[in-house]
Structure formats: structure tokens, C-alpha cells
Amino acid sequence: MELSWLQISGVLCVFGFLRELRPSEPYHAEILLGQWYNVTQDQVNRAVYPIGTYSYLALLIVVFLITDFLRYKPMIIANALTGIIVWSVLIWTTTLLGLQIVEVFYGFYQATEVAYYSYIYAKVDKKYYPRVTSHTRAAMFVGKLVAGLSAQLLISFNWMNYMQLMYISVGSQVLALLWAIGLPRVEKSLYFHQKVRASAAGNTPVDNIEPAKDAKDAPELSVASKDRVQPIQLLWAHFHSAYTNPMVLQWSLWYAISLAGYLQVTTYMQVVWKSFENEPTIVWNGGVDAALTALAALFSLMAGYLHAGRLKTRSSLLLLAVLSVLEGGCILLASWTTNIYLSYLGYVLFGALFGFTITVASAELARSLVEDSFALIFGINTLIALILQTSLTLVVVSESGGLYLTTFEQFTVYAFYYIVIGTVYFIAIIVQYALTCAKS
């Protein structure tokens with residue numbers, strides 16, 4: 001029996017929930033810097049975490065193409081298998097080398113997340129894309145929220161120590177693997193296994209695809225059965241269509257810059273908290289992570305509601321410029337204060353503002369793209385974000401050729417990174433508006 005779009009979405013969402021059910025994540029730095037590993041805080045900061053960034057960057061595009069070629073499901077299974085490897089190795093290894101090997105696998109684990117998001121687009125009709133996208137993201141939000149709350153309860157009531165949380169993380173990845181095996185097979189993919197679609201208006205030659213100003217103006221690539229488009233040709237057509245569109249370029253740049261900063265802040269924030277002299281007896285990382293997830297989800301919904309026909313492109317950019325400056329302020333609060341609870345507050349507010357801004361940027365991007373190119377363009381933008389994040393890591397964190405800043409100095413750089421971006425965009429918008437008024 002063929003499943004409906006809603007059933008397929010529900011089945012995939014269970015996987016997304018199980019994948020994110022990792023209560024050890026909010027206490028990752030606490031675990032690595034605890035009694036179980038022979039590493040220092042400086043080694044974790046400069047020799048462990050950066051490996052995951054480099055691995056993620058190196059694997060992302062290759063994984064995206066392999067995911068499309070294998071039709072998603074095998075890579076979802078590989079994602080769960082890698083999760084089992086990552087958290088199993090973390091349980092038994094104690095050395096710096098072992099942790100670095102884990103980070104390589106963790107980079108693959110992050111890269112294969114693209115299979116989870118892309119799978120649904122190959123299984124349901126395009127008219128359901130907005131709804132299934134919200135479902136799959138909500139499932140991951142809920143999984144992360146439950147993981148954060150359960151971790152906080154288990155630690156606060158002394159029912160488990162930090163390392164024992166790892167066993168739950170492994171168990172959730174095993175359940176995710178078993179569930180992934182039962183996912184429906186995908187018969188087509190976007191590039192290597194295209195579904196042939198006929199068009200009443202005739203075929204649209206790949207070479208003649210024009211950049212669309214809005215999604216409703218975006219041409220659909222349709223091919224006759226005897227004229228199937230070659231994967232590389234189609235990839236190039238989607239790439240060219242997107243990045244010759246000024247609107248796509250503008251929002252892609254914002255998306256990549258903002259995501260790079262967010263990835264860097266969330267990767268190293270726990271190390272900042274470990275540097276506080278007044279670290280509390282009960283570490284509230286789980287509760288903070290749950291609060292951030294809940295607020296980010298709420299702000300994402302608010303952004304979707306406000307953006308739906310209520311904000312024009314210039315207004316969206318102006319709002320994001322202001323919020324970017326506020327994000328920088330939140331990072332300063334999180335890293336300059338001597339009170340760890342104010343640091344928690346700054347981090348949660350930063351995450352909430354990021355949830356709002358990235359949703360607006362994603363919606364503006366989606367408006368200007370050919371529908372079938374969503375996964376490719378967002379994948380490329382994520383790659384650009386990872387290149388920027390890697391550059392930040394090499395300049396700010398690395399001890400070989402970098403500035404070799406302390407943890408708090410690093411976060412000062414990240415704060416002004418957001419403040420400068422917001423200021424530049426704000427000035428550009430005001431100048432653009434002034435020139436438009438002068439011409440009229």
C-alpha cells in the first residue's frame with residue numbers, strides 16, 4: 001500500500017526525532033574535560049573541535065552528490081550508523097587521537113544530515129513542500145528539546161553522571177538505525193534518477209533557464225522521456241539559474257555569513273562556560289539547550305508568520321541588519337560577563353534571534369529559486385558557510401598561523417563579526433534607499 005504524503009512525512013519525522021535525542025550533547029565539553037579523558041581544555045578547543053569543522057567541510061558536497069545518486073535512504077541509514085560509531089567510540093576512548101578520529105566521523109554525521117532533509121522532496125508532491133519542511137524541522141527541534149530537558153533532569157537529580165548520558169545517545173542512534181531501515185524506498189532523485197515529467201507547454205531547454213525573481217516565476221525543468229537531462233547539465237543549470245540572480249546572491253551571502261557565525265558560537269560555547277570561575281554546582285547546560293531550542297522554534301514560527309506577505313525584501317534586510325547587531329550584543333553578554341547565568345541568557349537570546357533571521361533568509365531565498373534546486377543551493381550556501389567557519393577557526397583558534405586567541409577573545413571576535421555585518425548591511429540599505437528616492 002502506498003503511503004500518503006502525510007504518512008511519509010510522519011515516518012521520516014520519527015527518524016529525525018530519534019536522531020536528535022542525544023542528551024549527552026549539552027554536556028559535551030563537560031564530558032571531554034572530565035575525568036574520563038586525558039585532554040586539556042586548550043586541546044579540546046584547538047585540536048579536537050576544529051577537526052569536526054574541517055571534516056564537515058571536506059565531505060559536504062561529495063556526500064550531497066552520493067546521497068542523490070544512492071536515492072537518500074542508504075545515506076540516512078549511514079547517518080544513523082555513523083551516530084552509533086561516534087558515541088560508542090566516545091564511551092571507550094580516552095586519548096586525544098581517539099577524540100580526533102571521533103570528530104572526523106562526526107563531520108560525516110553532520111554532512112549526511114542532508115539526506116534527511118532531501119529525502120522528503122523526492123517522496124512527496126511539490127505542493128506539500130512547505131508543510132513537510134516544517135514537519136521535518138519541527139521533529140528535530142522536538143528531539144533536541146526532549147534531549148536537553150531529560151539531560152538536565154538526569155543530572156540535576158543525580159540519576160546519571162555525564163558519561164552515562166552517552167549510553168542514551170548510543171541507544172537513540174540504534175533506534176534511529178532500525179527505523180531508517182524501514183523507511184520507504186525512493187524511486188527517483190533530483191539529479192541522477194530523475195522522474196520524467198511531461199509539460200503541456202512543451203519542453204524547457206536546460207540552457208535557456210532564466211533566473212527567477214520569485215518562485216512563482218521559476219520555470220520547471222521538464223523533459224520528455226526520450227530527452228532526459230544529464231545530471232551534470234542539470235546541476236549546472238540550477239547553479240547558473242540561482243547565482244546569476246542578484247536576489248539569490250544577496251540572500252545566499254547573508255545565509256552563509258550568519259550560519260558560519262552560529263556554527264562557530266554553538267561549537268565553542270560550552271568551552272566558554274568551563275572557563276568561568278563561578279561554575280555552579282549543578283551545570284544547567286541541558287536546560288539552557290532546551291530553552292534555546294524552544295525559543296528558536298518559537299521565533300522561527302514568528303518569522304514565518306511575519307514574513308508571509310507582510311515584509312518586503314528591503315524591510316526584511318533592514319530587520320535582519322538590526323537583529324544581527326543584537327546577535328553580536330548577545331554574544332558579548334555571553335562572553336564578557338563574569339556571571340555564568342547572564343552568559344546562559346545571552347546564549348539563549350542569540351539562538352532565538354538566529355532562529356528568526358535564518359528563517360527569514362531561507363524564505364527569501366526559496367522565493368527566488370527553481371523549486372528542484374532548493375537542496376543544491378542550500379547545500380552550496382552551507383558549504384560557503386563552512387568555508388567561512390573554517391577560515392574563522394584557522395584565524396582565531398588555530399595555534400599554527402592563527403591569532404591564537406583565548407576563549408573569551410575568540411568570542412569577542414565572533415560578536416563583532418555579527419555587529420560589523422549588521423552595520424554594513426544597514427548602511428548599504430540606507431544608501432540604496434537614498435539613491436532610489438533621488439532618482440524618483
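**Ground rules**

I took contact to mean heavy atoms within 4.5 Å. Helices (H or I, at least four residues) and strands (E, at least two) are DSSP runs, numbered from the N terminus. I noted that this is a predicted model, where local features need pLDDT of at least 70 and side-chain atom pairs count only at pLDDT 80 or more, while totals for chains, interfaces and linings use all residues. Residues are numbered from 1 along each chain as its sequence is written, and side-chain values use heavy atoms, with hydrogens and water left out.

**Entry 1: the whole chain**

I started with the overall counts and found 15 helices and zero strands in the protein. Next I looked up burial, where buried means under 20% relative accessible area, exposed means over 50%, and partly exposed lies in between (1.4 Å probe, protein chains only). Of the 440 residues, 52% are buried. I also checked contacts with a separation of 6 or more: 84% of them join residues 24 or more positions apart.

**Entry 2: helix α9**

I went to helix α9, residues 231–243. Which helices do the buried residues of α9 pack against? They pack against α3, α10 (246–274) and α14. The buried residues themselves are P231, L234, L235, A237, H238, S241, A242 and Y243. I then checked the length, using an expected span of 1.5 Å times one less than the number of residues. The 13 residues of α9 should span 18 Å, and the end C-alpha atoms are 18 Å apart, so the two agree.

**Entry 3: α1 against α6**

I looked at how helix α1 (residues 5–20) packs with helix α6 (residues 113–123): the angle is about 175 degrees and the axes are 10 Å apart. Axes here are lines fitted to C-alpha atoms, for helices over the stretch in contact, and angles run from 0 to 180 degrees between N-to-C directions. That makes α1 roughly antiparallel to α6; the cut-offs are under 35 degrees for roughly parallel, over 145 for roughly antiparallel, 65 to 115 for roughly perpendicular, and oblique for the rest.

From α1, the contact uses I8, S9, L12, C13, F15, G16, R19 and E20, and from α6 it uses E113, Y116, Y119, I120 and K123. By class I noted seven nonpolar, two polar and four charged residues. For those classes, Ala, Val, Leu, Ile, Met, Phe, Trp, Tyr, Cys and Pro count as nonpolar, Asp, Glu, Lys and Arg as charged, and the others, Gly among them, as polar.

I listed the buried residues of α1 too: W5, I8, S9, L12, C13, F15, G16, L18, R19 and E20. A reminder to myself: an α-helix has 3.6 residues a turn, so residues three or four places apart point the same way. The 16 residues of α1 should span 22 Å, and the end C-alpha atoms are 23 Å apart, which agrees.

**Entry 4: T136**

I found T136 in helix α7 (residues 129–156). T136 is buried, with a relative accessible area of 2%. Not counting residues up to four places away in sequence, T136 touches L12, C13, Y116 and Y117.

**Entry 5: E30**

Is E30 buried or exposed? E30 is buried, at a relative accessible area of 7%, and belongs to helix α2 (residues 28–32). Leaving aside neighbours within four places in sequence, E30 contacts W36, Y162, Q270, K274, E279, V283 and N285.

V63 lies in helix α3 (residues 41–70) and is buried at 3% relative accessibility. With neighbours within four places set aside, the contacts of V63 are M75, F108, A111, T112 and V114. G379, in helix α14 (residues 374–397), is buried at 12%. G379 and I61 are 318 residues apart in sequence, yet 7.3 Å apart C-alpha to C-alpha.

**Entry 6: two loop residues**

N158 sits in the loop between α7 and α8 (165–181). N158 is not a glycine, but has a positive phi of about 60 degrees, and counts as exposed at 68% relative accessibility. Y404, in the loop between α14 and α15 (407–439), also is not a glycine and has a positive phi of about 55 degrees. At 40% relative accessibility, Y404 counts as partly exposed.
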